[in-house]
Amino acid sequence: MTWGPNIVAGLLTFVLAAKVGKESYGLVGVALLYISFLQIFLESGLGAAIVQRKNLEPEHLDAVFWITLVFSLTLTAITWVVGPLLENLYVHTLHHPDMAGLSNVLRLESLVLPLQGLTVVQESLLEKKLDFKSLAVRSNVSTMFGGLFGLILAFTGYGVWALVWEDLLAAFARVVLLWRLGDWRPKLRLSVRHIKDLFSFSLYVLLGQIGTFVQRRCDALLVAGFFGPAAVGIYQMADRLINLVIEMATRPFILVVMPHFSQMQDNLVELRKAVLNCLRTASMLTVPLLGILAGCAVLICQVLSALKKDWMPAVPVIQILALAGAARAITLMTGPLLQSVNRPKLFMSLSWALAVLNVIAFSATGFWLSEHPDIRWQAVGVASTRVIVFCGIYTPICLYTIMKVCQIDVGRVLKAIAPSILSGLFVAAVGWGLTLLIGLSNPLVESIKPVWLFRLGQLGVGGTITTVSAFALMVLVEPSVREVLVNRFNKKKKPTRVIESDPDVNMATLEKPVAESAA
């Protein structure tokens, strides 16, 4: 469900960024920030309440559906009114003439909101039942559907509208598929009592989600306010690549851990084991991938630059944000953990404390670099501020919270994440070394046509070598990886005598026909 759409989205990001350029990408990036913020209010923590609540009645689901649908239509109407005001703010007040057209982009993007409002209950129910097969079908097919049309529009010269229609058509496909795959249907009723049942939990979740959005996205919001669309485009493209890696590696765990942890909220021993296992696995999958991305950043931007204008200023931004991404990936389960143990108020307090700190730090950076003539340094300055906040403050606080809630000592946490950090640093160094070697062939590249195809081949070689290096190192330093490999390739069956000697085994079950056991 996660890898398919994110692989497609990564390829689309690569192709569309190369095709439409920094300015158009930055314009849509500003619109998507606004829409992403409204989507938090749309869900209002009610979806999380459905997943977390043990005693769920049909009236709860009907109340969430109708409230969400009405609220989504209201947010769309507000966007149609606010859109011209935001465009006027950027173009005339903040003096960014390249933001002309933002109003129309916002209005069309806002149509995603009522489409999402139709899916909150259906998606939450499937997550609660851990029916990720249905969600996977929906995610993959809808992403392919929207991405195909986006590519067609991009290559036929529609520019910024290719990005907009990609999102809108994908959202439409998600609604159609989800209602076909899910069996729940709403009834025309609205119970105030059932709304109150969910309100106390969902309110804190909503406030916490707003705080999380501010702390994670205020950098991009302030980039859009202080700098022009070119700097926004560079930062957004780099940030989206980092987010794609994190989404692919950790979202499967984030989706599963909340219903999984919720079942263990009264069993501290099992909860502690589950948290450590998820922490180890999430960091093991994410940090080495971010190291690969940082090491191959030059090769990635060379391909983009060969296709459309100059994307090389994004190289240091990708490398710096990879550090912040590693810190974020390690602590992503903090929110779901606190929600699953019914401590959303602590989640809200933690989110807002860090959000305020981020706003202060990024505002100071924006004022400092707002007059700087080089967009590279503007984006690098914001990325550096993000690393300082995430690695120096955010990560220690979140890890301390996890250890406090689950009563885990710091040694066990460090033992869980140390192999992945070592592997990430190693493959980043390998990638940088390969980039230097490949750079020796740059004078020859200019005579080869098409240049982008040769650059793509260089990226393929560099990516393959760094990926193999990361995997080999993880096999050496991480026992769990070696255990998985051994179990995977060891085809020997366990001796029957071991089973028979176990006094807890019901021998009658061993005498059942083979066909019945297989069924």
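A residue counts as buried when its relative accessible area is under 20%. In this predicted model, serine 103 has a relative accessibility of 6% and therefore counts as buried. Serine 103 belongs to helix H4. Apart from neighbours within four places in sequence, serine 103 is in contact with Gly83, Pro84 and Glu87.

The rest of helix H4 can be read in the same terms. Helix H4 covers residues 102-109, and because six of its eight residues are buried, the helix is largely enclosed by the rest of the structure. The buried residues of H4 are Leu102, Ser103, Val105, Leu106, Leu108 and Glu109.

For the chain as a whole, the secondary structure consists of 23 helices and zero strands. The protein chain has 519 residues, of which 52% count as buried. Its exposed surface comes to about 24100 Å², with 67% supplied by carbon and sulfur atoms. Among contacts between residues at least 6 apart in sequence, 83% join residues at least 24 apart.

The interior comes next. In soluble globular proteins, nonpolar side chains tend to be buried together. The largest nonpolar core here has 96 residues, and the members that touch the most others are Val121, Val317 and Ile318. Setting aside neighbours within four places in sequence, valine 317 is in contact with Ile234, Tyr235, Ala238, Ala379, Val380 and Ala383. A second, separate core has 24 residues, among them Met264, Leu271, Ile330 and Leu338.

Side chains of opposite charge can pair when their charged atoms come close. The count of salt bridges in the model is one. This salt bridge is formed by the side chains of arginine 386 and aspartate 239, with an N to O distance of 2.7 Å. Arginine 386 lies in helix H16 (residues 375-406) and aspartate 239 in helix H10 (residues 229-263), so that distant parts of the chain, 147 residues apart, are linked by the pair. Both arginine 386 and aspartate 239 are buried.

A pair of aromatic rings is described by the distance of the centres and the angle of the planes. The whole structure contains four aromatic pairs. In one of them, phenylalanine 65 and tryptophan 179 have ring centres 6.0 Å apart and planes at 65°, which makes the pair edge-to-face. Because phenylalanine 65 is in helix H3 (residues 58-93) and tryptophan 179 is in helix H8, the pair ties together parts 114 residues apart in sequence. Phenylalanine 65 and tryptophan 179 are both buried. The rings of phenylalanine 390 and tyrosine 394, by contrast, have centres 4.8 Å apart and planes at 45°, so this pair is tilted. Phenylalanine 390 and tyrosine 394 are four residues apart in helix H16, and so are separated by about one helical turn. Both of these residues, phenylalanine 390 and tyrosine 394, are buried. One aromatic cluster is formed by Phe65, Trp66 and Trp179.

A nonpolar patch on the surface is made of Phe145, Leu148, Phe149, Ile152, Phe172 and Val176, which together have about 530 Å² of accessible area. Helix H7 (132-155) and helix H8 (160-181) each supply at least two residues of the patch, and H7 gives the most, with four residues. Phenylalanine 149 is located in helix H7. With a relative accessible area of 36%, phenylalanine 149 is partly exposed. Phenylalanine 172 is located in helix H8 and is also partly exposed, with a relative accessible area of 46%. Between phenylalanine 172 and proline 114 the sequence separation is 58 residues, while the C-alpha to C-alpha distance is 9.9 Å.

Glutamine 407 is in the loop between H16 and helix H17 (410-439). Phi of glutamine 407 is near 55°, a positive value in a residue other than glycine. The relative accessible area of glutamine 407 is 56%, so this residue counts as exposed.

Methods:
Residues are numbered from 1 along each chain as its sequence is written. This is a predicted model: local features need pLDDT of at least 70, side-chain atom pairs count only at pLDDT 80 or more; totals for chains, interfaces and linings use all residues. Side-chain values use heavy atoms; hydrogens and water are left out. Patches are made of residues with over 30% relative accessible area and no salt bridge: like charges are joined within 9 Å, nonpolar side chains (Val, Leu, Ile, Met, Phe, Trp, Tyr) within 5 Å. Accessible areas come from the Shrake-Rupley method with a 1.4 Å probe; for residues, only the protein chains shown count as cover. A salt bridge is a side-chain nitrogen of Lys or Arg within 4 Å of a carboxyl oxygen of Asp or Glu. Buried means under 20% relative accessible area, exposed over 50%, partly exposed in between (1.4 Å probe, protein chains only). A nonpolar core is a set of buried Ala, Val, Leu, Ile, Met, Phe, Trp, Tyr and Cys residues joined through side-chain atoms within 4.5 Å. Contact means heavy atoms within 4.5 Å. Rings of Phe, Tyr and Trp (its six-membered ring) pair if their centres lie within 6.5 Å; planes under 30 degrees apart count as stacked, over 60 as edge-to-face and the rest as tilted.
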